[in-house]
Amino acid sequence: LGYGRGELLGRSWYRLLHPEDLGHVARQHLRLAGAGPEARGELVTRLQRKDGLGWTWVYTRLRPEGPALLAHNFVISEAEAWCLRQQLAAEAPPGPPEPFSPPGLDFPGADVGAGGDLG
């Protein structure tokens with residue numbers, strides 16, 4: 001994505017998300033935050049590149065770790081993103097989307113964590 005680790009410290013991942021992906025990511029976040037340690041989630045999202053000229057498709061595996069979520073991110077192609085989104089949508093439980101109130105977008109003193117950085 002072009003960011004250095006220091007540029008992401010204290011910055012919410014939500015600020016990098018494509019606006020069309022915010023609702024889906026927030027629902028997964030809320031679902032996992034209230035689940036037990038064995039819960040898992042998968043996302044296909046677009047993250048803004050540092051140059052501001054485009055978006056990078058990312059496949060993410062999530063799991064709760066204490067009060068935070070641990071994310072393993074994999075850069076994927078647009079074709080892979082389309083296939084994975086179709087697969088994940090087919091596996092999703094039926095029902096209406098959950099309501100969402102976005103959290104604050106910056107967290108002073110927050111850390112990217114031991115799971116690696118998005119740079």
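I looked up His 18 and the residues it touches, leaving aside neighbours within four places in sequence: it is in contact (heavy atoms within 4.5 Å) with Arg 46 and Trp 55. The model is predicted: local features need pLDDT of at least 70, side-chain atom pairs count only at pLDDT 80 or more, and totals for chains, interfaces and linings use all residues. Residues are numbered from 1 along each chain as its sequence is written, and side-chain values use heavy atoms, with hydrogens and water left out.

Next I placed His 18. It sits in the loop between helix H1 (5-8) and helix H2 (22-33). Helices (H or I, at least four residues) and strands (E, at least two) are DSSP runs, numbered from the N terminus. His 18 has a relative accessible area of 13%, so it counts as buried (under 20%; exposed is over 50%, partly exposed in between; 1.4 Å probe, protein chains only). A polar atom of its side chain lies 3.1 Å from the backbone nitrogen of Glu 20.

I turned to the strands. Six of the eight residues of strand E1 (41-48) are buried. E1 pairs with strand E2 (55-65) in the antiparallel sense over eight bridges; pairing needs at least two bridges found by DSSP. Leu 43 stands opposite Thr 60 in E2. Six residues lie between the strands of this hairpin, where Gly 52 takes a positive phi near 70 degrees.

Conventions: Polar contact = N/O pair within 3.5 Å; in protein donor to acceptor, adjacent residues only side chain to side chain.
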